[in-house]
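Reader: Please take a close look at a single part of this model and describe its surroundings in a connected account.

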Amino acid sequence: SEEIVPIYSHEHVSKCLEQFISINYGRPYRLTDDVTLTFYDAGHVLGSSVAVLDIQENGMKRRLVYSGDLGRKQIPILNDPTHIPDADIMLLESTYGNRVHDPIEIADNRLAEAVHAIHERKGKLIIPTFALERTQEILYCFHKLLKADRIPRLPIYVDSPLAIKVTDIFRLHPECFDEEILSLFDNHEDPFDFPELQVVRSKEESQRLNEESGPMVIMSASGMCEGGRILHHLRNNIGDPNNMILIVGFQASHTLGRRIVERQPRVRIFGLEHDLEAEVRVINAYSGHADKEGLDAFALASKDTLRKLYLVHGEADQSAAMA
């Protein structure tokens, strides 16, 4: 068979990383004599940004705002997204352009209900999570629920090397946290760690979870069940009605995660068909994307100046309905 040659090497990566610079939120950065870039907190994931370009052209000033992925108000851990006034042209995401999310408190209640159900039937709660943001958010919610004695004590495993590394990065940036997380935990308490939490690093440790009996929680990536260690946990647990698959994030069309949400009776994992016997629950309220109301509010901050609005990054039904 023909050898596949990578299109770039470690040396290329090193040279690329040398070109990166960090720019704080709210600090104007001059790209050219006529164009200034400023980043603002988008509140979606750690470091996510709204990009604002202030452009001078032919004696006229224009402000172009690109939302990127926009976060929600009052989502745990991160600050609310920054609204930008005075945009002339706006590119706005529309992932949930036609949906209103449940309040985040409902999500915590449903997470607690799922844990109680699994504890009662001594099953396994399998949670596919994105390594960036959703894992940390669910960990934080577990810590809150345990701190308030709202869920029984049981082992909670994080089985994703990338999610573990990302969580360490979160710990390095408390300046991005909102007031809630800062007030709930003092300086000596880690919001992403608690006695019940067990971090799974090696493949051998991950495989051992198959042999252990519940009740337990397993959080693993990828969030849409398209790769990673979550596939092994699904393969080993999807056929037992005592187990539960808890979907806590957006599932794109044509992904295994979407087929599970649709509760298709048989799903393909590693090329083999499996009966979907485990209970499936969905919590949409943890979404990191602004809903219709949040997107509307972001656009309306520039209602007096906006001349062009482009909706991007949404499935056709969501974008068209918002338009």
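Author: Gly-97 is buried, with a relative accessible area of 0%; buried means under 20% relative accessible area, exposed over 50%, and partly exposed in between, with a 1.4 Å probe and protein chains only. This is a predicted model, in which local features need pLDDT of at least 70 and side-chain atom pairs count only at pLDDT 80 or more, while totals for chains, interfaces and linings use all residues. Residues are numbered from 1 along each chain as its sequence is written, and side-chain values use heavy atoms, with hydrogens and water left out.

Gly-97 is found in the loop between strand S5 (89-93) and helix H2; helices (H or I, at least four residues) and strands (E, at least two) are DSSP runs, numbered from the N terminus. Not counting residues up to four places away in sequence, Gly-97 touches Lys-292, Leu-295, Gln-318 and Met-322, where contact means heavy atoms within 4.5 Å. The C-alpha atoms of Gly-97 and Gly-68 are separated by 14 Å, and these residues are 29 apart along the chain.

On the H2 side, Ile-104, Asp-108, Leu-111, Ala-112 and Val-115 meet Glu-137, Ile-138, Cys-141, Phe-142, Lys-144 and Leu-145 of H3.

Glu-137 also forms a salt bridge with Arg-134, the closest N and O atoms being 3.4 Å apart; a salt bridge is a side-chain nitrogen of Lys or Arg within 4 Å of a carboxyl oxygen of Asp or Glu. Both residues lie in H3, three residues apart, about one turn of the helix, and both are buried.

H3 (residues 134-147) has a further partner in H4 (residues 161-171): their axes come within 9 Å and cross at roughly 70°. H3 and H4 are therefore roughly perpendicular to each other. Here Thr-135, Gln-136 and Leu-139 in H3 meet Ala-163, Val-166, Thr-167 and Phe-170 in H4.

How values were computed:
Axes fitted to C-alpha atoms, helices over the stretch in contact; angles between N-to-C directions. Parallel < 35°, antiparallel > 145°, perpendicular 65-115°, else oblique.
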